[in-house]
Amino acid sequence: MNINSGLAGLTLLGADTSWYSTSGAGLTVESKAVREAKAQFTLPETTPPWREAGATGSISTQIATIRRLATIIDKPLTGVRALPTDVQSAFTTWKALDRLNVLAESAAKPGLSSTERGQLAATFAKGLADLQTYMGTAPSDKLELSFGQPVRRAESTVVAPGTGGLTVSVSGKGVVAKRDEVLSQMSGTERFRVTLERGSSVDTVVIDLGSLPEPPTLDSVANLVNQAIANIPLRDAGGNIVLNDDGTPAPKWKASFEPKKTEKDGWTMGINRQGLESVSIDQVDAPDALIVATGRTGLETPTAARVLRIDDPEAAMTNKTLATIEAKDRLTTKAVATTTDAVATDADGFAYVVGTASGDLDELRAAGTQDLYLTKMDSVGNVVWQRALGAADSASGAAVTVAQNGDIVVAGTVSGNFGGTNADADMLVARCANNGDEMFASRIRSSGDDRATSIAVADDGAILVGGRAAQGGGDAFVARLNGTGAVTQRVKLPGTSGDESITAMTMTADGRLAALTKEGATSKLRFLDPASPGTVLDTVDLGTADARAIAIASDGSIAIGGTTLTALPGTQVNSITGGRDGFVMRLAADGSGMATTYLGTAGNEQVDSLAFSNGKLYVGGRTTGDLGSTRVGPTDGFVARLDPASGGIEKISQFGQPTLRTEPVRVAASDGGSSKVDALGLGRGVATPEGSLRLTTGSTLREGDTFQMRVAGGPLRTITIAKEETLASLADKVRKITGSKALVTTPKKDDGAQLRVSPKAGIDIEFVAGPAGRDALEKLGLPAARVSGYDPIDKDAPRVRPGGSFGLGLNPGLAIADQKSATAALAKLKSALSVAQTGYRSLYWDDGKQALVEGARGGGSTAREQAQMANYQAALSRLASGPSTSIGF
């Protein structure tokens, strides 16, 4: 009887022989837990690609092969060569990672030319995007591989104001450390105008702080305001005063002022309201101020946008910082370049800054390399709303103006995919309502790289945008749009013949369009007919200069600014220094009476902007010399005050910071801007603005952006963003697709709300990105991935199971554009390759899994099972150790 006969005998006795295994010199016994766990691993053996022969040929040959591929994602094997679903997904993922790894390894080495590095970077970017798309929809049975990390619920970025546009309570910045502290910034003689509105009903009360018996505090000012509001009675339809039950007049308004404690900086004034009540506050007869938008760039730090305010423009012209606008890189969260390109103010004291951001601005997620942004802020620097164009490739700001009805009109340049078209750089005009809602964004199509520089709104409401068209070697170009954004005229200015551009435009007091043109080395002022901008009404030769700024005074007189190397025509107010000087040229409304003032040092000066305010002319610019004081940085900024009648320089305020270069200085007048409303912590104007609920306002989404969803292996369903889409309406669209298989909510967070999709247990939801340039997932911050609810697990199921969830830890922002980024990407890819291998190994049984099972059982089975197994092991030992015999007849 040999050992097999002995085992057969045990089988005849009713024993199960599946619990033993043979190994060389002896036999081992498997516990019931091991047998149950092992029984789940049923996949046939396969040879992974990392165990196969490596790629042949040089690195350059391998890279050339990769570049020739339409995609780095292999097609699945079919027929008799078909692999199990999870194995195929693991292999496809690993091979794609390996190809990306080859590209990154090459880019991480020194000595590459810019052309070679650019080609590698482009191939890598496409391959990474292909891998992310594949992994979001890759077939899966037991193994789930994620591009980033395994996702159990999908959450969007926070969108302000979320699901509710009306704020019940608002508060400002802290102004005092203690509630009863005297408001030292106030003299006690100020008067404030408080306006309350609801629909067509408007009431205004004037508060005189001079009536207070003691110096003002937050409480005493609040009590004074609240008493004045309470004294406005409620009236019925007949005009009769409505009385309370006790016979006293019922107040018309529920709004009230109340001191509030801030989280960071002490006490401030707060405003409470009910329903649709709107509350505005301003100081009566407040002095004027200047708003200054500029930026600073360091040797190793990107440009950061700054907004300043000068409260004493007719005196020392001291400035204070209101706000810093700084975009962040999504991956590193480090600051990236953020410029200010223009600034405008409105009658209510709000400032509108337009610029260019090379990353994310708070919740506004950049879809391309850079985007045009528009920020509305109050007089103390609080951001009322901020929006970005949402360009898929690149957009930059140029100019901004406020229309007569309060709409904000912006000019810029957009390239690549935008508005359903894909082209080179074109001029763009966008119009926004006072709450930030985009009314239109019109792309002015033309061949070549065109650039917008300026914007103006004519008396009839038409919009005129100027700049440089690429045609003809560079033509001064004007387009006319109607109030709804339709382009009605596109004209090249007559009399120009290559290498020209419009550098600035504004409407004159008599309704003409004044346009500055740069024509070769000279500049000209051209008066155009706004109804037919190709019609030149008059031309003034400004001499050999680079004129970039223009402003119109209330009496119609004109100021022009820029830089020059030579003396300019007209009366010379002072002498040119002989270097590159800034200049301010003054003309009568008809273009006559030219007189020039120079702002110069031994260094270089440039006038960037001009603004008339309260009978004075203010100049914003930059200097590399000691213009108003000793230079501090490589390039300082300055604001100068000139007498507009004589052109005399009254005051120059120079500012800078060591090692930082000041960027163009844009000035705008703020009538009544030096308001003591600031001393309450509040901004001028409407203190309770109604925020827009549109997703196209609170995010970089644009109408027509899309994404797809697949629920529990069902069909792909497409969601398209509508013009008036809100977070609530988007959640409803998602609910229609998920049904009862997911919980879809819009929880409030910070100053807004977010979309949250949580699959039920055992349910997978695939989020698939929309087409390039129109992907709504990226702009919402939702993952382009499979989101899996937790699988229900039987409490008696084996602890070790095949497959599982594994995250590669990758990010769509990985790049190999330079050696440093390539080295960082290479480390991420090597880690991802290891994770892919681990995911594959999770599908097969091995000693490690057996050890886990035995370890989980504390060394074995129950006492009865262990006793039985000991008896079986003893029997096996006897059979194995006895002589090998056989019985015959």
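Which residues do ring pairs link into a cluster? In this predicted model, select W50, F91, W94, Y840 and Y844: ring pairs join these residues into a cluster.

Within that selection, keep F91 and Y840 highlighted. A pair of aromatic rings is described by the distance of the centres and the angle of the planes. For F91 and Y840 the centres lie 5.2 Å apart and the planes are at 40 degrees, which makes the pair tilted. Both F91 and Y840 are buried. Across the whole structure, a search finds eight aromatic pairs.

Proceed to the sheet formed by β24, β25, β26 and β27. These four strands are arranged in that order as an open sheet with antiparallel pairing. Select β24 (451-457) and β27 (487-492) to view the edge strands, each of which pairs on one side only. From one strand to the next, the twist averages 20 degrees. Then display β24 with β25 (residues 463-469): the two strands run antiparallel and are joined by six bridges. Here I455 can be picked out opposite V465, a residue of β25.

The tour ends with two charges placed over rings. Select K376 and F350 to see the charged end of K376 over the ring of F350, at 4.4 Å from the ring's centre. Finally, select R512 and F527: R512 lies over the face of F527, and the distance to the ring centre is 4.0 Å.

Definitions and conventions
Residues are numbered from 1 along each chain as its sequence is written. This is a predicted model: local features need pLDDT of at least 70, side-chain atom pairs count only at pLDDT 80 or more; totals for chains, interfaces and linings use all residues. Side-chain values use heavy atoms; hydrogens and water are left out. Two strands pair if DSSP finds at least two bridges between them. Axes are lines fitted to C-alpha atoms, for helices over the stretch in contact, and angles run from 0 to 180 degrees between N-to-C directions. Rings of Phe, Tyr and Trp (its six-membered ring) pair if their centres lie within 6.5 Å; planes under 30 degrees apart count as stacked, over 60 as edge-to-face and the rest as tilted. Buried means under 20% relative accessible area, exposed over 50%, partly exposed in between (1.4 Å probe, protein chains only). A charge sits over a ring if NZ of Lys or CZ of Arg is within 6 Å of the ring centre and within 35 degrees of the ring normal.
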